[in-house]
Amino acid sequence: MLKRVAITLGVSCCLLTAGGVVSAAWTDMQGDFPGQYIIYGGYPDKESARAPSSGDTKVAFSIRGRAAKDLFDSIGPAPRPELSRGEERCETNPKVRKRRLETIACRHHPKDGYWCTFGFDLSTGLAVWGKSGDAMCD
Amino acid sequence: MKKIFAALALMACGAALARGAHPWAFEYRPFTGSYNIFGGTLSEQVPPTKRSKNIAYYVKGAVAKQMFEAMGPDLKDVPGADGEQRIRQRAHVNCSFSPRDGYSCSFGFDLITGTSIAGTEC
């Protein structure tokens with residue numbers, strides 16, 4: 001009896017999930033997420049960054065998990081050099097997939113999953129790099 | 001000799017105080033936000049397609065406060081700005097403060113071209 005209930009429940013859940021994926025595929029690409037940020041001046045790496053000052057204040061965001069996966073997937077792998085986008089792999093570790101779209105950089109690393117970074121110059125509002133591009137293969 | 005040490009210690013203490021309780025360091029800090037990937041426009045959203053795909057971000061708390069403070073001054077005579085709500089903007093990055101809701105910022109990207117877009121409608 002228990003087994004039958006379990007199977008019935010399992011099948012219903014599968015059907016529900018499958019239905020949910022189809023109907024909610026778009027609305028699922030949203031949600032709350034935790035991330036990390038830094039406010040800095042100069043350049044976004046530890047050696048060249050300095051304290052923010054008037055006229056030189058930037059913010060860099062670093063995002064992991066589902067929010068990063070959705071961004072990674074949305075950027076897509078299509079090589080589009082004219083738009084500075086596409087997918088590359090790290091020379092040092094070919095398992096690391098990097099995707100870039102202008103100032104947005106994402107990667108998938110087999111060890112720690114999806115990660116994206118981007119930033120803004122708060123003096124001008126223009127989009128700038130988040131963590132420096134070299135960090136992608138670390 | 002003791003006096004010199006005491007004076008030096010006092011000066012070091014003063015310098016530390018002058019930098020504030022949180023001296024700047026290259027340290028990432030946690031924040032929470034929300035995101036939304038959509039096609040069409042902010043006001044008329046449709047499922048994203050290969051030709052129309054955008055992302056809007058909304059962040060609040062300490063990160064929004066720091067962004068707000070870096071972006072001054074307040075915008076005047078814009079929709080939504082009144083005695084309660086203060087709005088600051090640089091290009092498509094928009095931050096606001098109200099005593100009721102605190103600090104929040106919004107921004108976004110066109111995920112086809114990679115250009116920066118607004119994250120709210122105003």
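Predicted model: local features only at pLDDT ≥ 70, side-chain atom pairs only at ≥ 80, totals over all residues.
Reader: Which elements, in sequence order, make up chain A?

Author: The secondary structure of chain A consists of two helices and eight strands. Along the sequence, these elements of chain A follow the pattern α-β-β-β-α-β-β-β-β-β.

Reader: How many helices and strands does chain B have?

Author: Read along its sequence, chain B follows the pattern α-β-β-β-α-β-β-β-β. The secondary structure of chain B therefore counts, with helices and strands taken as DSSP runs, two helices and seven strands.

Reader: What percentage of the residues in chain B is buried?

Author: A residue is counted as buried if 20 or more other C-beta atoms lie within 10 Å of its own. By that criterion, buried residues make up 31% of the 138 residues in chain A. For chain B, which has 122 residues, the buried share is 31%.

Reader: Among contacts in chain B between residues at least 6 apart in sequence, what share joins residues at least 24 apart?

Author: In chain A, residues 24 or more positions apart account for 52% of the contacts with a separation of 6 or more. In chain B, among contacts between residues at least 6 apart in sequence, the share that joins residues at least 24 apart is 48%.

Reader: Which element gives the most to the side of chain B that touches chain A?

Author: On the two sides, 33 residues of chain B are in contact with 38 residues of chain A. Strand E1 (29-40), helix H2 (62-71) and strand E6 (102-110) of chain B each supply at least two residues of the side that touches chain A. The element that gives the most, with nine residues, is E1(B).

Reader: How many charged residues are on the side of chain B that touches chain A?

Author: This side of chain B includes 19 nonpolar residues and ten polar ones. The charged residues there number four.

Reader: Which residue in E1(B) is the bridge partner of A:Tyr37?

Author: Strand E1 (residues 30-42) of chain A and E1(B) run antiparallel and are joined by eight bridges. Within this pairing, A:Gly31 stands opposite B:Tyr35. The bridge partner of A:Tyr37 in E1(B) is B:Arg29.

Reader: Which residue in E3(B) stands opposite B:Gly33?

Author: E1(B) also pairs with strand E3 (residues 54-60) of chain B, in the antiparallel sense and over seven bridges. In that pairing, the residue of E3(B) opposite B:Gly33 is B:Val59.

Reader: Through how many residues does a hairpin join E1(B) to E2(B)?

Author: E1(B) and strand E2 (residues 45-46) of chain B pair in the antiparallel sense over two bridges. Across this pairing, B:Gly40 stands opposite B:Gln45. The number of residues through which the hairpin joins E1(B) to E2(B) is four.

Reader: Which element supplies the largest share of the largest nonpolar core?

Author: The largest nonpolar core holds 50 residues, and A:Ala68, A:Leu71, A:Ile104, A:Cys106, A:Cys116 and B:Met67 touch the most other members. The largest share of this core, six residues, comes from H2(B).

Definitions and conventions. Residues numbered from 1 in each chain as written. Chains lettered and ligands numbered in written order. Contact = placed C-beta atoms within 7 Å. Nonpolar A, V, L, I, M, F, W, Y, C, P; charged D, E, K, R; others polar. Pairing = 2+ DSSP bridges. Buried ≥ 20, exposed ≤ 12 C-beta atoms within 10 Å, placed from the backbone. Core = buried A, V, L, I, M, F, W, Y, C linked by C-beta atoms within 7 Å.
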